[in-house]
Protein chains: 2
Amino acid sequence: MRDNELCRLLGIEKPIIQGGMAWIADAKLAAAVSEAGGLGIISAMNAGADYVADQIDKIRTLTDKPFGVNVMLMSPHADEVARILVHKKVPVVTTGAGSPSKYMPEWLAAGITVMPVVASVAMAKNAERCGAAAVIAEGQESGGHIGELTTLTLVPQVCDAVNIPVVAAGGIADGRGMAAAFMLGAVGVQMGTRFLVAKECGVHQTYKDMVLKASDISTVVTGRRFQASSCRCIKNKFSRGFLKTEYLPETTAEDIAELGVGALRLAAVEGDRDRGCFLAGQISGMVNREMTAREIVDEVYNGCISLLKGAN
Amino acid sequence: MRDNELCRLLGIEKPIIQGGMAWIADAKLAAAVSEAGGLGIISAMNAGADYVADQIDKIRTLTDKPFGVNVMLMSPHADEVARILVHKKVPVVTTGAGSPSKYMPEWLAAGITVMPVVASVAMAKNAERCGAAAVIAEGQESGGHIGELTTLTLVPQVCDAVNIPVVAAGGIADGRGMAAAFMLGAVGVQMGTRFLVAKECGVHQTYKDMVLKASDISTVVTGRRFQASSCRCIKNKFSRGFLKTEYLPETTAEDIAELGVGALRLAAVEGDRDRGCFLAGQISGMVNREMTAREIVDEVYNGCISLLKGAN
């Protein structure tokens, strides 16, 4: 671990990345994770370039350490956000929801380290072909938008398919998950749900409480009927209603898209227990305590190291 | 690994169990796995007591080593099968599709080691309460009937919840997966898909070929709309048709049950590429070669040992 490939690539101390959760991963949380020796990520979500620029300026007042920005490629503002990242000389970019090939030449020319989130071998190969420095292989146990493969099956298949470093994401909450990821061939991990309850995370307390109180079977996947829109969230009035509507014969893909509008904000900002969409992973049942980002990073990292040391 | 808890419990040499795949896991395959130092399992599937008794007699002509029988608790013949296992003094029983509590007193009195397959923390606790010696925590990356949790998220949560040994199943095909399972707290693994292509496995060659040629995204889950009947299988004409019917507004749970009748036999016995239901896990993309059961056991075990040794 002392000469970890991901740490060298990103200039960080511990190969732990914080997931770019929409409406949750802001400059404050990201700075706390970067200060703790991991890589903090600001989510650009569906926001415009101004918001992203502000967040980048803010994180630079909070930390001198490397950080990243996650670009949601389906965002209507993706083009302008892509440009602002170059302008602001952001060190690391992660991408979600598609192929970043369109933006790669510009980002690479600007010296940005790009790590696309991938859900299949084909996506990983595409990322490698267009110059990604690493890929984040994310299994469907993760919260939010998901693919089909699980982390345990995705990571080794991606490792076999590409020559760039692989980061494991989805289903990792502690040292056990991190050590497992290393056995599968990953050189680092990305965690979302665990950092959602970090003390520095400004998400509404109701959201944190829903994760802290969740059990192993508290999440559900909406949107599976219409492919490519599968989304893992906590069971509540919203998600149950969504599923009911989803399977009505007359429901169309457009209806489904409509249904989700504003629900993330209602969860993260308003803490609306009934009408909010509370994205969270299957490891929510293991996340039982608010801690600082540093405590989380240290606990996960030290747990992993001690398991790896004791393994033989 | 030298003093492995599962090996002691079962009297085997290597903590690798072969999954009890219906229409596939017969005495011949199970004997080969047991002879290789793992634990072979005969599937009782939906068969009557006579078939199961025959298979037990047969495996005893092929090996002196421990073996097990998998009881599908929803089988109409479950009661008579449960009795024959006692009569035949089977050393190990694994169970699927429900709680085995009804049969536990009789099995325990007969000295049988019972290991239920579980898909959630609640099922694991139930198994422990009714006297199971261990649980097999199976994630939804597995082939066949599946739950919702993935192996990476299920295994640590089950380990935290029970005091009996935990075996990891679902998504394990090589030493990497086995080593990952150990990091998560498991003391052994169960593999189905990998043993499906063992040379000693008598399944139709077309079935083997479909697994050998599969990629990471070759499986699909049917039956999700009607809960409790989710089933992972390889994408083909049958599974595509199934999914289409499943989401028709007029389709009922009964229609769905009808739809699957006979399809496993068509796959495993007839090798009917279009009309068969080819159950297989998400690691099918990693299973590329027919090998003997001994070669598989040795490769997975040695791969795991070498990763664990190199870990620190």
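Here are legends for a few close-up views of this predicted model.

**View 1. Where chain A meets chain B.**
Start where the two chains touch: 36 residues of chain A are in contact with 36 residues of chain B. On the chain A side, three helices each supply at least two of the touching residues, namely α7 (151–161), α8 (175–183) and α14 (293–310). Sort the residues on that side of chain A by kind and you get 16 nonpolar, 13 polar and 7 charged.

**View 2. The open sheet of chain A.**
This view takes in 8 strands with parallel pairing, in the order β1-β9-β8-β6-β5-β4-β3-β2. At the edges sit β1 (16–18) and β2 (40–43) of chain A, each pairing on one side only. Ignoring direction, neighbouring strands are turned by 25 degrees against each other on average.

**View 3. A helix on the sheet.**
Helix α6 (residues 121–129) of chain A packs on the sheet, where α6 touches β5 (113–118) and β6 (135–138) of chain A. The direction of α6 makes about 165 degrees with that of β5(A).

**View 4. β1 and its partner strand.**
Now for the pairing of β1(A) with β9 (residues 188–191) of chain A: the two run parallel and are joined by 3 bridges. Look for A:Q18, whose bridge partner in β9(A) is A:M191.

**View 5. Helix α8 of chain B.**
Over in chain B, helix α8 (residues 175–183) is mostly covered, with 9 of its 9 residues buried. Among them are B:R176, B:M178, B:F182 and B:M183. Just after α8(B) comes B:G185, which takes a positive phi of about 115 degrees.

Methods: Residues numbered from 1 in each chain as written. Chains lettered and ligands numbered in written order. Predicted model: local features only at pLDDT ≥ 70, side-chain atom pairs only at ≥ 80, totals over all residues. Contact = placed C-beta atoms within 7 Å. Helix = DSSP H or I, 4+ residues; strand = E, 2+ residues; numbered from the N terminus. Nonpolar A, V, L, I, M, F, W, Y, C, P; charged D, E, K, R; others polar. Pairing = 2+ DSSP bridges. Axes fitted to C-alpha atoms, helices over the stretch in contact; angles between N-to-C directions. Buried ≥ 20, exposed ≤ 12 C-beta atoms within 10 Å, placed from the backbone.
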